Amino acid sequence: MKRLLAIMLISGICGNLPSGASDTPAFLLQPAGEEGAGGKFVLFKYGNLDSWVTRHIKESAVIGGATKTLYEIGPTSTVSNNTPYTNKGGSPWATSNVMAKVSGITKTNNTVYKEKRGNGYCAKMTTHIERVKVLGMININVLAAGSIYLGDMKEPITGTKEGLKAANWGIPFRLRPKAVRFDYKVALSGESNRIKLTGFSSRQTVAGKDLAMAVLYLQKRHEDAKGNITAQRVGTMVVTFGKSTAGWVNGATYNIMYGDIRHNAGYNATLMGLRTCDYARNSRGESVPVKETGWADAADTPTHIILQFSSSHGGAYTGSPGNTLWIDNVGLVY
């Protein structure tokens, strides 16, 4: 049963578009949006978060046989079967809501929800303890955070080694935006420390308050003859949310820093440094690590964009139950 925990791995900070693709998706090629004092604002496709795919999945009888509802960002529709999900309607978005099928046992994880906001919807991401009872006797408790990101997920997840590799991080992108903009709301748990709960070890205390996060990385990727992917970092934006908000903060805008930012004020090596933990599919369809090898020139043009929102930070199984992040109207400023 330990392998069922693979479905929780995707929630940690660390479409079907192969990472070797060279073209920017059509919905990002020609910015056309709202002009303002700060520049032209262009929503991502489905970035208004008003359209959702609703999935009804029946879990295996050995873990209770319940029918669970999962939400994905895409054209409004309902799917009532256990078919593995692929991004629909050209959606560039994936979520931490996934289905696993391990040794014939089907299990789901749902930490992202559509929630009513005004005349439309928004995304609600929450950190919670996923509880699994096997044969009505063995209790497995795992901490899972909510996350949405640009990319896609290969379902079903079939084991712990497949958890992180199932996520295809980032989409092709060849523009140079000035900033990322979105509406947000935060409700933190109030706990002074986080916990780590893996399901097969005792609860551990992790020092430091849990934070919600948004990260954006622009990368210039290269795939070699063997299918390995390396990248240079072109642009960086990282913001953490350490306080609950009184309500919605609309039009929050965060500048993207280009080139080598290690000497910039506010640089945090842990959150903003070069990464090697992300996976992407190469031109052969294989999931391989994306290894950032250095900082690109500040004038370079990226080949890919990574954008992720998460209700917790610190990696898989780590966070504070109750941490919640709401996001709406996500786009870029040019």
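A nonpolar core is a set of buried Ala, Val, Leu, Ile, Met, Phe, Trp, Tyr and Cys residues joined through side-chain atoms within 4.5 Å. In this predicted model, the largest such core has 40 residues, of which W93, F182, F241 and F309 touch the most other members. Apart from that core lies another, of 18 residues, with W169, Y217, I261 and W295 among them. The structure also holds nine aromatic pairs, and a search of the whole of it finds 13 salt bridges.

**Core and aromatic rings**

- Leaving out residues up to four places away in sequence, F241 touches F182, Y184, V186, L188, L211, A212, M213, A214, Y254 and L325.
- Ring pairs join F182, Y184, F241, Y254 and F309 into a cluster; F182, F241 and F309 are also among the residues that touch the most other members of the largest core.
- A general point on reading such pairs is that two aromatic rings are described by the distance of their centres and the angle of their planes.
- Among the nine aromatic pairs, Y184 and F241 form a tilted one, with 4.5 Å from centre to centre and 35° between the planes.
- This pair links distant parts of the chain, since Y184 belongs to strand 16 (residues 179-187) and F241 to strand 20 (residues 229-241), 57 residues apart.
- Y184 and F241 are both buried.
- Y267 and W295 form an edge-to-face pair, with centres 6.4 Å apart and planes at 70°.
- Because Y267 lies in the loop between strand 22 (257-258) and helix 2 (269-272) while W295 lies in strand 24, the pair ties together parts that are 28 residues apart in sequence.
- Y267 has a relative accessible area of 23% and is therefore partly exposed, whereas W295, at 15%, is buried.

**Salt bridges**

- R55 forms a salt bridge with E155, and the closest N and O atoms are 2.7 Å apart.
- R55 lies in strand 3 (residues 52-58) and E155 in the loop between strand 13 (147-153) and strand 14 (167-169), so that the pair links distant parts of the chain, 100 residues apart.
- Buried means under 20% relative accessible area; R55 therefore counts as buried at 1%, and E155 counts as buried at 10%.
- D152 and R281 meet through their side chains in a salt bridge, at 2.7 Å from N to O.
- D152 is in strand 13 and R281 in strand 23 (residues 278-281), so this pair ties together parts that are 129 residues apart in sequence.
- D152 counts as buried because its relative accessibility is 1%, and R281 is buried with a relative accessible area of 14%.
- A salt bridge also joins the side chains of E59 and K107 (3.4 Å, N to O).
- E59 is in the loop between strand 3 and strand 4 (67-73), K107 is in strand 8 (residues 105-109), and the two are 48 residues apart.

**Strand pairing and the hairpin**

- Strand 9 (residues 112-117) and strand 10 (residues 120-126) run antiparallel and are joined by six bridges.
- These two strands form a hairpin with two residues between them, and G118 in the turn has a positive phi of about 60°.
- The charged end of K114 sits over the ring of Y121, 4.8 Å from its centre, and K116 lies over the face of Y121 at 4.8 Å from the ring centre.
- An open sheet of three strands has the order 18-17-26, and its pairing is antiparallel.
- Strand 18 (204-206) and strand 26 (318-319) are the edge strands, each pairing on one side only.
- Strand 17 (residues 194-196) and strand 26 run antiparallel with two bridges between them, and K196 stands opposite T318 in strand 26.

**Surroundings of K291**

- K291 is found in strand 24 (residues 287-295), and with 46% relative accessibility K291 counts as partly exposed.
- Leaving aside neighbours within four places in sequence, K291 is in contact with I229, T230, A231, R275 and T276.
- The C-alpha atoms of K291 and R221 are separated by 9.1 Å, although these residues are 70 residues apart along the chain.

Key: Residues are numbered from 1 along each chain as its sequence is written. This is a predicted model: local features need pLDDT of at least 70, side-chain atom pairs count only at pLDDT 80 or more; totals for chains, interfaces and linings use all residues. Side-chain values use heavy atoms; hydrogens and water are left out. Helices (H or I, at least four residues) and strands (E, at least two) are DSSP runs, numbered from the N terminus. Buried means under 20% relative accessible area, exposed over 50%, partly exposed in between (1.4 Å probe, protein chains only). Contact means heavy atoms within 4.5 Å. Two strands pair if DSSP finds at least two bridges between them. Rings of Phe, Tyr and Trp (its six-membered ring) pair if their centres lie within 6.5 Å; planes under 30 degrees apart count as stacked, over 60 as edge-to-face and the rest as tilted. A charge sits over a ring if NZ of Lys or CZ of Arg is within 6 Å of the ring centre and within 35 degrees of the ring normal. A salt bridge is a side-chain nitrogen of Lys or Arg within 4 Å of a carboxyl oxygen of Asp or Glu.
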